Amino acid sequence: MVIAGILPYNFVRFKTVVYQSSSYYRSVQLAEDFYCYIWQGRGNNCNSCLFANVLRGEQPHVVIDPGHITNELREACFDYFVKAMDGDGFKVDDIGLIINTHSHPDHCQANEAIVEKSQALVTLSEEEDEFRNTLGEKLYSMLGVKVPQFEPLFYLKEGNLDLGTKDKVALQVFHTPGHSPGSVCLYWPDSKILITGDVVFYGSIGRTDFPTGSISSLKRSIDRLSQLDVECLVPGHSTEFGSIVKGKPNVKRNFQAVKLYL
Ligand SMILES: [Zn+2]
């Protein structure tokens, strides 16, 4: 199963490389305490992000979209994610909060694996949680995938979301439906970083052919995002064009290009 971008990218490409566990994720540090883990396996999985050492207390890390536990090609995505984080000196046991951009299993199946290890708190939008527990559950079971299991502690609302207190990371949550009904994007004005989940990718947009998908909603969402001052766009999946869109002119061009799909 692929829950990712639009159709031209929805096929699995077999590469002729021998995979080491370190080949499955490419770690990219974009700010002092902000890391992206770019999925490079053969099957489907999302890219993940980590805000390191931002929360007070013994579990200071925040993960965004931890991805699959195991994907359709039986790649051990979560094990590789743990190893990739470990390579940067971060432990899963120290994750205090998981933020999900939306409820598709390739973004939040690993919530339960993290919660089991660290009792991390989980959050997503209320609209998305309702979808997960109704139509989403039916959709995932039709696709042969178990509905992701977790209990959110609170719901993400449009507006400010501060992580930590001293040296806080001040994020802004944008409700961006279209790919799924309660998708959110996270904007970090201080670093001009925009985390887009499956709303917009490098040269592509999120698919809208699942139940409750809406191309007109997606267009409105992307129009809103394109107004933001962004230096670095971090999508939920990579495409043949790339993963992270860096540089304000490139981000601007990317928005212009993807609007041609809408
Ligand atoms: Zn998705």
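Helices (H or I, at least four residues) and strands (E, at least two) are DSSP runs numbered from the N terminus, and two strands pair if DSSP finds at least two bridges between them. Residues are numbered from 1 along each chain as its sequence is written. Because the model is predicted, local features need pLDDT of at least 70 and side-chain atom pairs count only at pLDDT 80 or more, while totals for chains, interfaces and linings use all residues.

- Strand S11 (residues 193–197) and S14 run parallel and are joined by four bridges.
- Within this pairing, Ile195 has Val234 of S14 as its bridge partner.
- S14 also pairs with strand S15 (residues 245–246), in the antiparallel sense and over two bridges; here Cys232 stands opposite Lys246 of S15.
- From strand S14 (residues 232–235), Cys232 and Val234 point one way, Leu233 and Pro235 point the other way, and all are buried.
- A residue is buried if 20 or more other C-beta atoms lie within 10 Å of its own, exposed if 12 or fewer, and partly exposed in between, with C-beta atoms placed from the backbone.

- A second topic is the open sheet of seven strands, which has the order S1-S2-S3-S4-S5-S6-S7 and mixed pairing.
- Its edge strands are strand S1 (25–31) and strand S7 (154–156), each of which pairs on one side only.
- Neighbouring strands of this sheet are turned by 25 degrees against each other on average, direction ignored.
- Strand S6 (residues 121–125) runs parallel to S7, with three bridges between them, and Thr123 stands opposite Phe154 in S7.
- Helix H3 (residues 111–118) packs on the sheet and touches strand S4 (61–64), strand S5 (95–99) and S6. The direction of H3 makes about 160 degrees with that of S5.
- H1 lies across S1, strand S2 (34–39) and strand S3 (48–51), and runs at about 45 degrees to S1.
- Axes are lines fitted to C-alpha atoms, for helices over the stretch in contact, and angles run from 0 to 180 degrees between N-to-C directions.

**The largest nonpolar core**

- A nonpolar core is a set of buried Ala, Val, Leu, Ile, Met, Phe, Trp, Tyr and Cys residues joined through C-beta atoms within 7 Å.
- The largest such core has 64 residues, of which Phe81, Cys185 and Leu194 touch the most other members.
- Helix H1 (residues 77–87) supplies the largest share of this core, seven residues.
- Leaving aside residues up to four places away in sequence, Cys185 touches Thr101, Phe174, Thr176, Leu194, Ile195, Thr196, Gly197, Val199 and Leu225.
- Two residues are in contact if their C-beta atoms, placed from the backbone, lie within 7 Å.

**Helices H4 and H5**

- Two packed helices are described by the angle between their axes and the distance between the axes.
- The axes of helix H4 (residues 126–133) and helix H5 (residues 135–142) come within 3 Å and cross at roughly 50 degrees.
- That angle makes H4 oblique to H5; angles under 35 degrees count as roughly parallel, over 145 as roughly antiparallel, 65 to 115 as roughly perpendicular and the rest as oblique.
- Phe131, Arg132 and Asn133 of H4 make the contact with Leu135, Gly136 and Glu137 of H5.
- The buried residues of H4 are Glu127, Glu128, Asp129, Phe131 and Arg132, and they pack against S6, H5 and S7.

**Individual loop residues**

- Most residues other than glycine have a negative phi.
- Asn53, in the loop between S3 and S4, has a positive phi near 55 degrees. Asn53 is partly exposed, with 14 other C-beta atoms within 10 Å.
- Asp65, in the loop between S4 and H1, also has a positive phi, of about 55 degrees. Asp65 is buried, with 26 other C-beta atoms within 10 Å.
- Pro177, in the loop between strand S9 (169–175) and strand S10 (184–188), is buried, with 24 other C-beta atoms within 10 Å.
- The C-alpha atoms of Pro177 and Pro211 are separated by 12 Å, and the two residues are 34 residues apart along the chain.
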